[in-house]
Amino acid sequence: MSLSQAETVAVAPEETGGSLGRDAWRRLRRNPVAIAGALLVTLFVVVALLAPWLAPYPPDKPVGQVTPVSIPGPSAEHWFGLDDLGRDEFTRVLWGARWSLVIGVVSLLLGMAGGLLLGLLAGAFGGWVDGVVMRVVDMMLSVPGLLFAIGVAAMLGSGLDAVMIAIAVVNMPIFARLLRGQMLAQRRSDYVLAATSVGVRRRRIVLGHILPNSLTPVIVQGTLTLATAIVDAAGLAFLGLSSNDPSIPEWGRMLADTQRYLSSAPLLAVFPGLAIVIAALGFTLLGESLREALDPKYRR
Amino acid sequence: MNTPTGPAVPGSPGGPPDGSAAPGEPLLSVRGLKVHFPIRKGVLLQRVTGYVRAVDGVDLDVGRGMTYGLVGESGCGKSTLGKAVLRLVEPTAGTVRFNGVDVAGQSREGMRRLRRHMQMVFQDPLASLDPRQSVESVLSEPLRAHGFAGDRSRRVRELLDLVGLPAGAAARYPHEFSGGQRQRVGIARAIALNPELIIADEPVSALDVSIQAQIVNLLEDLQDQLGLTYVVVAHDLAVVRHVSDVIGVMYLGALVEEASSDELYAQPLHPYTIALMSAIPIPDPEVEERRRRILLTGDLPSPVDVPPGCRFHTRCPFRQPTRCADESPDLREMRPGRKVACHWAEEIAAGAIRAAASAHDPTATEVGTPSS
């Protein structure tokens, strides 16, 4: 043996195992806020996925008699009552989860992909690339989010695609700035210097070391952005910028459609509103507790 | 003893890199090295308003198989000097020749290849390891980067054995180790490519005192086994004395004295070194009682605003009315093997000039500690 055996140091015996992820997972499980958020998110996702089987009635056909002056409220057959066209409100709220999830996830993924690409360019190359990308990002961030989304959606012509792209575009600068900042911080760290000195090529340092170590806050931001994406989608739909198809049960649109009946059937506004709150709250709680679990500053 | 050198990396035999040095030429030769960091002000048009002169003209030679110790207060530029030699920090001026090859003239790829022969051990072992990388991955990365042809996992186990870690450590992550173990991983990474020169930047200062000796011994064992040349940067005089053959004392970005370790400790010549040495406690209560400590007054001047003349004259207890404030002393060879940057070194050594009384003022600050 090259060195005396006595020099061989025993490695800590306890099976802590794995990486930092496991540590974060443990803290997440002990946090009641995280559990509440996870339950709400699970409820939302399960409803969204299983809506066709959970819903008692078809979402797009009248199932009862309504007139503008008498819209039946909640009853044993129709838990949330009927809407202004005689469709089952409960069914429509369940199906609405499905649309919200699709719009939220697609717009999030689009925005994240675009934003991360911009952030990666700025963070990896620095210099004038960084300058140009970040000035564009600053310009985008200087316009209020929903106003910007309305502008983009209106430019693209209303429709679900337009809504998703609009929300994605609004979220892009947030991710770009976040990733770039993280990468700049990581770039100055000792392990990057160490990798450089053992001859690791720049591309591998950026993609193999700096990028993975910069992604944690992106995951947190992604969870939080899902909440705002759902709210924004509802907002755009409420303003009439979503699909024109009245058979699509979209929460924001349902809110808009029930405005006229607010005095006769106020509950029609309450149910989709509550649904939006539950979905957004779930992702916000989960995102915040993820941030706490992953951020070393909060470690106890 | 097994063969510690391991299989050579193809395309670059274990010997010196291209442009091999003339016999007798030192492995590392630094001339007039300067690293100045610009200070920028302004939002849109960033104007350079000054420079932090972290390293301000350093000459030094390190012979093959030697250990060169660099000491000085924190902020004196010793770490920056170490990084500038590897071009991990870009030098502003001066030359670094490694094995006869001009380091500054290398392209990015040339530098990447050259760094195979010169490696670094970092001060903070945890920060120097990617938290998402297992030890196996940390140690095989340099092998992969330089196209190591042999069995990588065997080489990893060999490296772990060399630094005294069990083979089972390969599957673990940095946060699962203690500080000393992490530094062993850092050292294993540094020797993975059979380098000739290792720059150790405060290799033990982040560790427990009880662990420091183990790491120092490990570095010495590896030097014997692998024929390494070290530049050890440290502020701990005891550590530097223990490991170094030659010691350079830095003050505000420049070398003020250079001598063999024994001579430097037996008779420091530069006033700054004299003050540093007088601060070392002696483990004998009677001697300690009578020990004369020279306390330096004032703070370390800012490297943005280096004093004119001798850079130490603002705090020097031996300051003379002439020359010190207006004439910058060169690092001159006072006698063979002893270099000192002081106009009055001979007179001080002969006892003709004594430290000013005010420098013994007990209320004055001790060397290296900021005044309260």
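**Exercise 1.** State which share of the contacts in chain A with a separation of 6 or more comes from residues 24 or more positions apart.

*Solution.* Residues 24 or more positions apart supply 71% of those contacts in chain A. A contact here is a pair of residues whose C-beta atoms, placed from the backbone, lie within 7 Å. The model is predicted: local features need pLDDT of at least 70 and side-chain atom pairs count only at pLDDT 80 or more, while totals for chains, interfaces and linings use all residues. Residues are numbered from 1 along each chain as its sequence is written, and chains are lettered from A and ligands numbered from 1 in the order in which they are written.

**Exercise 2.** Describe the elements and the spread of chain A.

*Solution.* Step one: count 11 helices and zero strands in chain A, where helices (H or I, at least four residues) and strands (E, at least two) are DSSP runs, numbered from the N terminus. Step two: the radius of gyration of chain A, taken over C-alpha atoms, is 24 Å. Step three: the C-alpha trace of chain A spans about 90 × 50 × 25 Å along its principal axes.

**Exercise 3.** Locate the domains of chain B and their contact.

*Solution.* An automatic or database domain assignment divides chain B into domain 1 (28-249) and domain 2 (267-360). Their centres, over C-alpha atoms, are 30 Å apart. Domain 1 of chain B gives 13 residues to the contact and domain 2 of chain B gives 10 residues. On the domain 1 side, strand β2 (residues 47-62) of chain B contributes the largest share, seven residues.

Notes
Two residues are in contact if their C-beta atoms, placed from the backbone, lie within 7 Å. The radius of gyration is taken over C-alpha atoms; the globule rule is 2.2 Å times the number of residues to the power 0.38.
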